[in-house]
Amino acid sequence: MTLPPAGPATPPGAALPRRVHVGYALGSLATGAFGTVPGLLLLPYLTDTLGVAAGVAALLVLLPKAWDVLVNPVVGRISDRTRSRWGPRRPYLLLGGLALAGCFAALFAAPFGSGPAAAGYVAVAFLAAATAFAFFQVPYVAMPAELTDDQAERTRLMSWRIAVLAVAILVSGAVAPAVVTAGGDGLAGHRWMGLFVAALIVLGAVGAFLGTRGAPTGTVGESEPTLRAQLAVAGRNRPFRALLICFVIQSAGVATILAGVSYFAGQVLRDPTTGPTVLFACFVGPALLVMPLWTRVGARVGKRAALVAASLLLAGGATALVAAPVLPAVAVYLVVAVVGVGYAGQQVFALAMLPDCIAYDTARTGRRQAGVFTGLWTAGETFGLALGPGIYGLVLHLTGYVSSNTGTAAPQPDTATLGVLLGFTLLPALLTAPPLLLLRHYTHPTHPPVPTHPPVPTHPTHPRPRSVDHGVVVGEESR
């Protein structure tokens, strides 16, 4: 039976209902929780609760999420081909989100206690959670390019999303360590934390599914049949290619900060109990306050220039934290807040530039393939977020970090403390600033190009929308 087609995307100049802004943004409760808590707590959970050596723990946090590099483009292709009365993306918001919640609770269930069997279980559970996350995140990130063809409206949509994302990261990242402590630390505390974060994920998935009910979803054209073909499509989109590579490397830098929070609080600040929560609040809290400011900055100087400024602020603040061992704690927290301001801008402008790249490709080729680009984007982002803890774990291994199965960190040699410090400061700075050079290639013609390939016919019940986004990518005003 043929189901009714989704409605057309909102045309340029038309505003989306506030209900859609809020509903779509709620999905960031799920993406924020899963993007934050494993990067924040999984590595120390392995090294300080399950007794896994730092080098092995680095592989356990890296390899399952690196799997998403392969599965995310596949999910993008599947969602591009989906036809349902709920649209091509919304079914996955509900099903993928609920599956993710169950897998996350299982990740910290620890049915085998500590030791090698527990480490193997975590690897399998993390792989399942990463796969479920792909089925939620890829369709979710693809939706803005199909909800509206207006570039300014997309930026507003992204601002709502990033604001909720900041709340999700703040709540999940700051409260999750407190839940572990309240639950008795060790295995029991982590089990309670897993249930708490799973509940956040369910709230976000159900909220996004219900909130976008009845929203325009655009029409999805046929997507490329193979991963190789998808990579070829992305390779021909120069703005997307430059932005993606920069964002992946920067995501690895942000992830090293997240991975190092617990270690930095315990080994450098000597406050393993409240330190992680305060550090995380200082890192994410400013995002809630400066988001409107960053939006105005982007409107004035353009998205690319604003992304560069935010990234340099992040890198500069991280470098200044090298002096943390000789600074009072309050000064350290203030510098971390500066890093958080840069992080907020870096996230909002990269995500706001992605739909522009997708619309540019639609104008260039005549084909709407948001799932292809968001599949590759989320694969790269997930790989970067996995690479950061992996690199941080490798630094700990090389500097002689001592693991423990007691639920608290063991006494560390001076070399390991130095590794904790450099991995939290200089390493993310080096992964954030130099990639900005790639944005020299982030250019866009003033006028939309003529499609280089004839449009591919879509399903007869899903005619191609009449309007496509002809806005520019680099933040200039549309002509």
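Two residues are in contact here when heavy atoms of theirs lie within 4.5 Å. With that in hand, let's start at Thr399, which sits in the loop between α15 (370-398) and α16 (414-424); helices are DSSP runs of H or I with at least four residues, and strands are runs of E with at least two, numbered from the N terminus. Setting aside neighbours within four places in sequence, Thr399 is in contact with Thr415, Ala416 and Gly419. Thr399 and Thr415 are 16 residues apart along the chain, yet their C-alpha atoms are separated by 5.3 Å.

A word on the model before going on. It is predicted, with local features needing pLDDT of at least 70 and side-chain atom pairs counting only at pLDDT 80 or more, while totals for chains, interfaces and linings use all residues. Residues are numbered from 1 along each chain as its sequence is written, and side-chain values use heavy atoms, leaving out hydrogens and water.

Next, find helix α2 (residues 28-48) and helix α3 (residues 54-66), whose axes come within 8 Å and cross at roughly 155°. Axes are lines fitted to C-alpha atoms, for helices over the stretch in contact, and angles run from 0 to 180 degrees between N-to-C directions. The two helices are therefore roughly antiparallel; the cut-offs are under 35 degrees for roughly parallel, over 145 for roughly antiparallel, 65 to 115 for roughly perpendicular, and oblique for the rest. Phe34, Leu42, Leu43, Leu46 and Thr47 of α2 meet Ala54, Ala57, Ala58, Leu60, Val61 and Lys65 of α3. By class, these are nine nonpolar, one polar and one charged, where Ala, Val, Leu, Ile, Met, Phe, Trp, Tyr, Cys and Pro count as nonpolar, Asp, Glu, Lys and Arg as charged, and the others, Gly among them, as polar.

Helix α2 also meets α11: their axes come within 8 Å and cross at roughly 45°, which means that α2 is oblique to α11. On the α2 side the contact involves Gly35, Gly39, Leu40, Leu41, Leu43, Pro44, Thr47 and Asp48, and on the α11 side Leu258, Ala259, Val261, Ser262 and Tyr263. That contact has eight nonpolar, four polar and one charged residues.

Now follow α11 (residues 238-267) to helix α13 (residues 303-320): the axes come within 12 Å and cross at roughly 25°, so α11 is roughly parallel to α13. Leu243, Gln250, Val254 and Ile257 of α11 make this contact with Leu307, Ser311 and Leu314 of α13. Five of the residues are nonpolar, two are polar and none is charged.

Finally, look at α6 (residues 116-142). At 1.5 Å a residue, its 27 residues should span 39 Å, and the end C-alpha atoms are 39 Å apart, so the two agree; the expected span is 1.5 Å times one less than the number of residues. Even so, α6 has a kink of about 25° centred on Ala134, the bend being the angle between axes fitted to the seven residues ending at a residue and the seven starting there.
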